[in-house]
Amino acid sequence: MAKIVITGGEPLNGEVQISGAKNAVLPILAATLLADGPISIGNVPHLHDVTTTMELLGAMGVQLMVDEKLTITADPRFITSTVAPYELVKTMRASILVLGPLLARFGHAEVSLPGGCAIGSRPVEQHIRGLQALGAEVTVENGFIKARAERLRGGRYVFDMITVTGTENVLMAAALAKGTTVLENCAQEPEVVDLANCLIAMGAHIEGAGSNRIVVHGVDRLAGIHYDVLPDRIEAGTFLVAGAMTGGKVTVRRARADTMDAILVKLEESGAHINTRDDMIEVDMRGRRPKAVNLTTAPYPAFPTDMQAQFAALNTVAEGVGVITETIFENRFMHLNELQRLGADIRVEGNTAIIRGVERMTGAPIMATDLRASASLVLAGLVAHGETVVDRIYHIDRGYENIEEKLGTLGAKIRRLPG
Ligand code: EPU
């Protein structure tokens, strides 16, 4: 299995360009199923999850083309199947995002029920209940969600809890339903807004995306268009943390600071100077050691669970004690045991991690368990003295485009050992 080897201890300095957002491009790719013409998508990040989604769409008969700039054109007019098989869904839970579009556009869908995953149990009953509120008949048989509806009709659904892909799935279905749908307690993440903007460009009538109440006036058809994906706030945040915890100065370009308030506030609390201008964000730690930060993960606009592991890494070498509480996923602390192998001082009590910063960590072999955990281990490797070898690094390729190249341009001593 491929590994990443890092020799830590040097501050990072320089500029890096941010890619399109993984969690925006995945629902947008699923939304191409709704169109009655080809959709082209720009600013697509080169990620393993994008390839998996293309494989899934391709298996259904969507015709896909990719040009040299990685613009993807998806033509859904000649679909041959409305099934998302277990083999693909088990490798990527976001495959559930095809359920709403397939049902709305073709009247039926069979999507393998995603199982648990490394960070928690991650059920999808909200996706199912939301679609039922639009008139779908849904059964779960032989490990598949089987959904049917002649034509979905507008309805009202109040989500029991805030769910990002749940909101996206029901939003996409409602876009082609007959009549008006009102969704309450919606996720407000920028990626939900990006999907809504793409649907609006396709001809959907959507109000309120980005608030907790979304109103959709269903239309009869959605058209082929071009859409450029939003920059990835989690990738940008990860590079900014890398700059801050190494005491360096890092600028991210093609980023959207307006989607990153909670992250930038925590970076400031850690003692970093932050500058934002147009599409760039600069973090400058001026050679100092960061201060430990306290944070609690919660749905947007609060602090994102997808940045928790990276700030845990920052706290391991910070001055003082940082308390991190994870409220979204029940098992998203797996990186902490690995950070301890580098010398971190961490105590876990339930969903809270109390991290006392140490002055020096030392390199060791460690193992990635999921996407954001692997990012946190790579960050820790940048500050640990000596060599850190991160195994099972394939997790990082699901969500970070060329991470070792980008960190390399910032001066990190990092290389990949092929498996
Ligand atoms: N939940 C339920 N029932 C449901 C749906 C969700 O109980 O029907 C619970 C989950 O178990 C969890 C909470 O609700 O405790 C929130 O989960 P959510 O549904 O919002 O997560 P998701 O949509 O599966 C997306 C991102 C994740 C990100 C979370 C939270 C995509 C493709 N994935 O997942 O991204 O952590 O929202 O912000 O958008 C990542 O990029 O590393 C990643 C895991």
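A disulfide is taken here as a pair of cysteine sulfur atoms within 2.5 Å. By this rule, the count is zero disulfides. The model is predicted, so that local features need pLDDT of at least 70 and side-chain atom pairs count only at pLDDT 80 or more, while totals for chains, interfaces and linings use all residues. Residues are numbered from 1 along each chain as its sequence is written, and side-chain values use heavy atoms, with hydrogens and water left out.

**Cysteines**

- Cys186 takes part in no disulfide, and the nearest cysteine sulfur, that of Cys198, is 18 Å away.
- Cys186 counts as buried because its relative accessibility is 0%; buried means under 20% relative accessible area, exposed over 50%, and partly exposed in between, with a 1.4 Å probe and protein chains only.
- Cys198 also has a relative accessibility that makes it buried, at 1%.

**Packing of α10 and α12**

- Helices (H or I, at least four residues) and strands (E, at least two) are DSSP runs, numbered from the N terminus.
- Helix α10 (residues 308-316) packs against helix α12 (residues 371-383) at an angle of about 25°, and their axes are 7 Å apart. The α10 helix is therefore roughly parallel to α12.
- Axes are lines fitted to C-alpha atoms, for helices over the stretch in contact, and angles run from 0 to 180 degrees between N-to-C directions. Angles under 35 degrees count as roughly parallel, over 145 as roughly antiparallel, 65 to 115 as roughly perpendicular and the rest as oblique.
- From α10, the residues Ala309, Gln310 and Ala313 meet Arg372, Ala373, Ala375, Ser376, Leu379 and Ala380 of α12, where contact means heavy atoms within 4.5 Å.
- By class, six nonpolar, two polar and one charged residues form the contact of α10 with α12. Ala, Val, Leu, Ile, Met, Phe, Trp, Tyr, Cys and Pro count as nonpolar, Asp, Glu, Lys and Arg as charged, and the others, Gly among them, as polar.

**Tyr300**

- Tyr300 is located in the loop between β18 (295-296) and α10, and it counts as buried at 19% relative accessibility.
- Residues up to four places away in sequence aside, Tyr300 touches Gln188, Glu189, Pro190, Arg233, Asp258 and Thr259.
- Between Tyr300 and Thr80 there are 37 Å in space, C-alpha to C-alpha, and the two are 220 residues apart in sequence.

**Ser95**

- Ser95 is found in the loop between α3 (86-89) and α4 (99-106), and at 1% relative accessibility it counts as buried.
- Apart from neighbours within four places in sequence, Ser95 is in contact with Leu56, Leu88, Val89 and Val111.
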